[in-house]
Amino acid sequence: MKIAIIGAGIVGSTVAYYLHRSGIADVTIFDDGHGQATKAAAGIICPWFSKRRNKAWYQLASQGASFYQTLVRDLAEEGIKTSFYQQNGVYLLKKDDSKLEALKALAESRRQEAPLIGDVRILDKEVVAKEFPGLEGFQRLLFAEGGARVDGAELCQTLLKATPYQLVTGKVSLITEGKVFTIQQQSFDHVFLCAGAWLGQVLEPLGYQVDIRPQKGQLIDYQLRNLVTDQLPVVMPEGEIDLIPFFNGHLAVGASHENDQAFDLSVDEDLLIALEESAQAYYPELNGTLRQAVRVGTRAYSSDFLPFFGEVPGMKGIFAASGLGSSGLTVGPLIGRELVALLLQDKKILDMTNYPIQNYVKYSKM
């Protein structure tokens, strides 16, 4: 079975990996390496405190968080290191810390269906200072044991290193002739469109309208000298920024959510300064710390903020996913696995009728 994957981000790399595990596919990945959201992402796996009313989104995010346990186990069985994922817990900060009790109660009510949440408790500043010295901007916070952090670029690299595939770089166009699909003069039996915010650019020449808009995100990496970060929880204050510790003194801060920049990938210095100032309110030691790197990527959002995936309407053998937004690192691996299950007619984890691709990808050409 010859299969093409367009896009090597979190969904595409997961599709490639689980196709490899199925043992039935010859995989070619097409990716131009430009603007990919996952490569620019440092994410937090902690969906259980969301108050979004969309039950389908919460089920996807909660199941996506749990699926990381399966993904890590599958890779470990093959002797592959999974340092992209670290479950150190999460600190949630509220400007009004009287809201912490309600958040704790919410998590405890959801723990029966999502045991991964683990222990949830309210901590005083004096207790936190022993684990995360120098953290400011609160008197009490909520600690959730089950929260985790993910390095998006490392996750994709790990999955692809575990997968035999051919890589073709550059822009692509998809040609359909009956049951044969052609990309850059190569023919395939099936195609997975994992192009994120660029899904419309792939499908619109074939007569489709795609409900997707791009959102720019910027994130800053620091190298800290005086803080042991390996086991630190992620810090989630109210507002746009998060502080995400990784190994060996690496701390990521971000990310921005810019809806008016389309596919622009330039660095906005004024915005970065604003991110830094916000972060310094919680970790003053960042003042004077040099940036190690700045990451910029483009997320994909649907009009109702719900991801979608499935077989493209009217295009049997072509599968697509998009609209993951800022929860992409949480839900992406599960969506990739579900797409492979759809192709192979295997048992699925999700009720796919909750994420109907036909509501977002519509054939319009007369």
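Q: Which polar atom lies 2.8 Å from the backbone nitrogen of Gly249?
A: One from the side chain of Thr229. Keep in mind that this is a predicted model.

Q: Where is Thr229 found?
A: Thr229 sits in the loop between β15 (213-223) and β16 (234-236).

Q: Buried or exposed there?
A: Thr229 counts as buried, because its relative accessibility is 1%.

Q: What is Thr229 in contact with, leaving aside its neighbours within four places in sequence?
A: Leu224, Pro245, Phe246, Phe247, Asn248, Gly249 and His250.

Q: New topic: which residues touch the most other members in the largest nonpolar core?
A: That core has 102 residues, and the ones to look for are Ile5, Tyr68, Leu174, Val191, Phe192, Leu193 and Val312. Helix α2 (residues 55-77) gives the largest share, eleven residues.

Q: And why does this core lie between domain 1 and domain 2?
A: Because both give residues to it: domain 1 covers 3-39 + 153-212 + 304-363, and domain 2 covers 87-146 + 215-300.

Q: What does Val312 touch, not counting residues up to four places away in sequence?
A: Among them are Leu193, Tyr208, Phe319 and Val361. There is also a second, separate core of 26 residues, which includes Leu93, Leu224, Tyr282 and Leu286.

Q: Okay, sheets now. What order does the open sheet of three strands have?
A: The order is β3-β8-β4, with antiparallel pairing. β3 (42-45) and β4 (85-86) are the edge strands.

Q: How many bridges join β3 and β8?
A: Four, with β8 spanning residues 148-151. Ile45 stands opposite Ala148 in β8.

Q: Which helix packs on the sheet?
A: Helix α8 (residues 328-344), touching β3 and β8; its direction makes about 80° with that of β3.

Methods. Residues numbered from 1 in each chain as written. Predicted model: local features only at pLDDT ≥ 70, side-chain atom pairs only at ≥ 80, totals over all residues. Heavy atoms only, no water. Pairing = 2+ DSSP bridges. Helix = DSSP H or I, 4+ residues; strand = E, 2+ residues; numbered from the N terminus. Contact = heavy atoms within 4.5 Å. Axes fitted to C-alpha atoms, helices over the stretch in contact; angles between N-to-C directions. Buried < 20%, exposed > 50% of the residue type's maximum accessible area, 1.4 Å probe, protein only. Polar contact = N/O pair within 3.5 Å; in protein donor to acceptor, adjacent residues only side chain to side chain. Core = buried A, V, L, I, M, F, W, Y, C linked by side-chain atoms within 4.5 Å. Domains from an automatic or database assignment.
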